Amino acid sequence: MNLQVTDDRFAFEQEAYPSCSAPTASRPTQAEVEAAVRTLIAATGDDPRRQGLVDTPARVARAYREWFAGYRQEPSQILSRTFDEAQGYQEMVLLRSIPLVSTCEHHMAPIIGKAHVAYRPRSRVVGISKLSRLVDAFARRLQLQERLTQQIAQTLFDTLEPHGVAVAIEATHGCMATRGVNQHGIDMMTKAWLGDFATDAELRREFLAALPLPRTN
């Protein structure tokens, strides 16, 4: 199959990476992406020219723009608009069960789960939708769950400067459920504590008790 690499590099990148001002060697053209997908299809033993697969490379390219949209965002900017009308509220603000879709950087398999994000404001609060957007901006990248948890917590802590931040993520990993040990129904839990949450055990217990987690007797 003879694919022509044309001058569509810049046009593709402007669509997929609107923050880019110029093309870079690290980001391939649409044609190069589709050629790579055809190679992977052929590696499975199937024929990329088969009718059902002819349009798959273009569909995969579009899907990658969604799955990895986090690379086109600056997470700290999501929290740039804050409010100081909370009248000194300093108790825990908790957003539970934020849907999380990410991709494991080791096998590029899906990570599906939920994030729980809390902070104790010092003087500023942020719109609750921004917490969800923050999770999504970091999740939609090639990730490790441990790093993802810490990135969300640290960005919230550095940007809002609250008394403390807590983040917990529970997720299933496709690389474990669909290959290797092939074990299903297993969740991985990671947590990050900053500020008051790192020093106050009672505050951590309050956070964990508020989460919709399975309880054991």
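Predicted model: local features only at pLDDT ≥ 70, side-chain atom pairs only at ≥ 80, totals over all residues.
View 1. The pocket has a volume of about 260 Å³, and of the 23 residues that line it, Thr172, His173, Cys175, Met176 and Met188 are the closest to its centre. Two or more lining residues come from each of strand E3 (110–120), helix H6 (145–160), strand E6 (164–173) and helix H7 (174–177), and H7 gives the most, with four residues.

**View 2. The cysteines Cys104 and Cys175.** Cys175, one of the residues closest to the centre of the second largest pocket, is shown here with Cys104, whose sulfur has that of Cys175 as its closest cysteine sulfur. The two sulfur atoms are 4.1 Å apart, which is too far for a bond, because a disulfide requires a pair of cysteine sulfur atoms within 2.5 Å. In keeping with this, Cys175 is in no disulfide, and the structure as a whole holds zero disulfides. Cys104 is buried, with a relative accessible area of 6%, and Cys175 also counts as buried, at 15% relative accessibility.

**View 3. The largest nonpolar core.** This core has 28 residues, among which Leu100, Val117, Tyr119, Ile152, Leu156 and Ile169 touch the most other members. The elements that give two or more residues to the core are strand E2 (93–104), E3, strand E4 (125–126), helix H5 (128–139), H6, E6 and strand E7 (188–195). In soluble globular proteins, nonpolar side chains tend to be buried together.

View 4. When neighbours within four places in sequence are left aside, Ile169 is in contact with Leu100, Lys114, Ala115, Gln145, Leu148, Thr149, Ile152, Met188, Met189 and Thr190. Of these contacts, Leu100 and Ile152 are, like Ile169, among the residues that touch the most other members of the largest nonpolar core. A second, separate core of nine residues includes Met92, Ala118, Leu203 and Phe207.

**View 5. Arg38 in helix H2.** Arg38 lies in helix H2, which spans residues 30–44, and is buried, with a relative accessible area of 17%. Arg38 and Thr56 are 18 residues apart in sequence, while their C-alpha atoms are 8.4 Å apart in space.

Note on methods. Residues numbered from 1 in each chain as written. Heavy atoms only, no water. Buried < 20%, exposed > 50% of the residue type's maximum accessible area, 1.4 Å probe, protein only. 1 Å grid on protein atoms, 1.4 Å probe; cavity = no way out; pocket = protein on both sides within 12 Å on 5 of 7 lines; lining within 4 Å. Points joined across faces, edges and corners; volume = space filled by probe spheres on them. Core = buried A, V, L, I, M, F, W, Y, C linked by side-chain atoms within 4.5 Å. Contact = heavy atoms within 4.5 Å.
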